[in-house]
Amino acid sequence: MKSWRTMISLLAFSLLGAALTPAFAVTTASELTQKHASNTEQREAGSSNLTAYENFDQHVMTEDIATSLAFPKALTTVIDKAQASTHILIVTRDGELVIIDNKGESARFSLMLDDLYTKGQGGVLDLLIPSQFPEDRTVLLSYSKGNDSANRLAIVKGQLSLTSGITNIQPVLALAQAKDTPVHYGGKLLQLEGSALHTKQGFLVTTGDGFDYREQAQVISSQLGKVLGFTIDGKPLANPPFPDNPFIFSIGHRNPQGLVKGSDGNLFLHEHGPDGGDEV
C-alpha cells in the first residue's frame, strides 16, 4: 500500500510540474542543446588544431646550429643592419657565452661572474641586449650568487664584443635579502622601451619567492617574489609605485620566468606554477 501511494504521489508531482513549469522543460532542453553544441565545437576545434599542427610539422625542417650546450638558459639575437648579419647569443647555467654567426660558426667565452652559484635552479639566468646596441655596447646579465646558506639574485652589466665576449663586468643590483634555498630565482630581464640607456628610465627584473620564503612575496619591504625596477646604474626608477620601497614594481609573484611588453604597452608576465598551474 505504501509503495502504491508513493507511486501516485510521484505521478501527481510530475504531472503538476509539467503543467505548471513548461518553461523549465524548454530551458533544460535548451541548455542541453547548447552544452552539446559547445562540446561539439570544442571537439571540432581540437581536431582542427591537431590537423593544423600536423600540417605545420610536415613543412618544418630542423637543423642543429649549436651542440654540446650544458644547460642553456637564455637565447637572444644581435642584428647588424650595416653588415646585414645576425648573431645568435646563448648563455648557459655555468657561465658560458656562445656566439654563433651567419655562417654557423660559433665562439665560446667564459663569463667572469663574481661568486656564481649554480646549484638547483641557480646559475646564469638571462641576458639582455638593450636596444641601443651597438652604439652603446652595455648589456645586462642576471644570475644567482652566493652559497648554500646564503644566495640571492644579482644583475650585472658588461661590454659586449661579438669577437671577445662580455668584459668589464660590474654590479648593478643584488637582492637585499639572502636565502638558503637553491630555487625560485626569477631573473627575467626587460628593457622599458623608449628609455635612453643612461637616463633614470630603465629596466625590470623578476624575482622568485625562494620557495620556502613564499610569504615574502606579499611583504612590500622584501624583494622576494617581486618585479623590480632599476636603472643601468642600479638606482630605482623615477616615480616608483611604492615610494617607501622604490625598487618594487609589482608584488605577489612565485617564480616569474617570462616578461614581455605587448604592442599595446601592457606587460605580460609568466609565472612558473606549482605542479602545473602556470599563470600569465
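Lys-145 is partly exposed, at a relative accessible area of 21%, where partly exposed covers the range between buried (under 20% relative accessible area) and exposed (over 50%), worked out with a 1.4 Å probe on protein chains only. Its salt-bridge partner is Asp-114, at 3.5 Å from N to O; a salt bridge here puts a side-chain nitrogen of Lys or Arg within 4 Å of a carboxyl oxygen of Asp or Glu. Asp-114 sits in the loop between β4 (106-110) and β5 (124-128) while Lys-145 belongs to strand β6 (residues 138-146), so the contact ties together parts that are 31 residues apart in sequence. Strands and helices are DSSP runs numbered from the N terminus, with at least two residues (E) for a strand and at least four (H or I) for a helix. Asp-114 itself is exposed, with a relative accessible area of 53%.

All of this comes from a predicted model, in which local features need pLDDT of at least 70 and side-chain atom pairs count only at pLDDT 80 or more, while totals for chains, interfaces and linings use all residues. Residues are numbered from 1 along each chain as its sequence is written, and side-chain values use heavy atoms, with hydrogens and water left out. Mean pLDDT (the predictor's confidence in each residue, from 0 to 100) is 84 for the protein, with 80% of its residues at 70 or more. Where pLDDT is low, the predicted coordinates should not be read in detail.

Back to the charged pairs, of which the structure holds six as salt bridges. Another one brings Lys-188 and Asp-126 together at 3.7 Å, N to O. This pair also links distant parts of the chain, with Lys-188 in strand β9 and Asp-126 in strand β5, 62 residues apart. Lys-188 is partly exposed at 27% relative accessibility, whereas Asp-126 is buried at 4%. β5 pairs with β6 in the antiparallel sense over four bridges, pairing being called when DSSP finds at least two bridges between two strands. Within that pairing, Asp-126 has Ser-142 of β6 as its bridge partner. A further salt bridge joins Asp-94 and Arg-93, with the closest N and O atoms 2.9 Å apart. Here Asp-94 is partly exposed at 40% and Arg-93 is buried at 17%.

As for the sheets, one is open, with four strands in the order β1-β2-β3-β4 and antiparallel pairing. β1 (72-80) and β4 stand at its edges with a single partner strand each, so one side of each has no neighbour in the sheet. From one strand to the next, the twist averages 20°, with axes taken as lines fitted to C-alpha atoms (for helices over the stretch in contact) and angles running from 0 to 180 degrees between N-to-C directions. Five bridges hold β3 (residues 96-100) against β4, antiparallel, and Leu-97 stands opposite Phe-109 of β4.

Leu-97 also turns up in the largest nonpolar core, a set of 20 residues where Leu-97, Leu-127, Leu-141 and Leu-160 have the most contacts. A nonpolar core is a set of buried Ala, Val, Leu, Ile, Met, Phe, Trp, Tyr and Cys residues joined through side-chain atoms within 4.5 Å. The elements giving two or more residues to this core are β1, β2 (85-92), β3, β5, β6 and β7 (151-161). Beyond four places in sequence, the contacts of Leu-97 include Phe-109, Leu-127, Leu-160 and Ile-166. Another core, of 19 residues, lies apart and has Tyr-185, Val-205, Ile-232 and Phe-247 among its members.

A second open sheet, also antiparallel, runs β9-β10-β11-β12. In this one β9 (186-191) and β12 (248-251) are the edge strands, each with a single partner strand. β10 (residues 203-207) and β11 (residues 226-230) are joined by four bridges, with Leu-204 opposite Gly-229.

A cis peptide bond, omega about 10°, joins Phe-133 and Pro-134, and Pro-134 lies in the loop between β5 and β6. Phe-71 has a positive phi of about 55° and is partly exposed at 49%. Phe-211, in the loop between β10 and β11, has a positive phi of about 65°.

Notes. Contact means heavy atoms within 4.5 Å.
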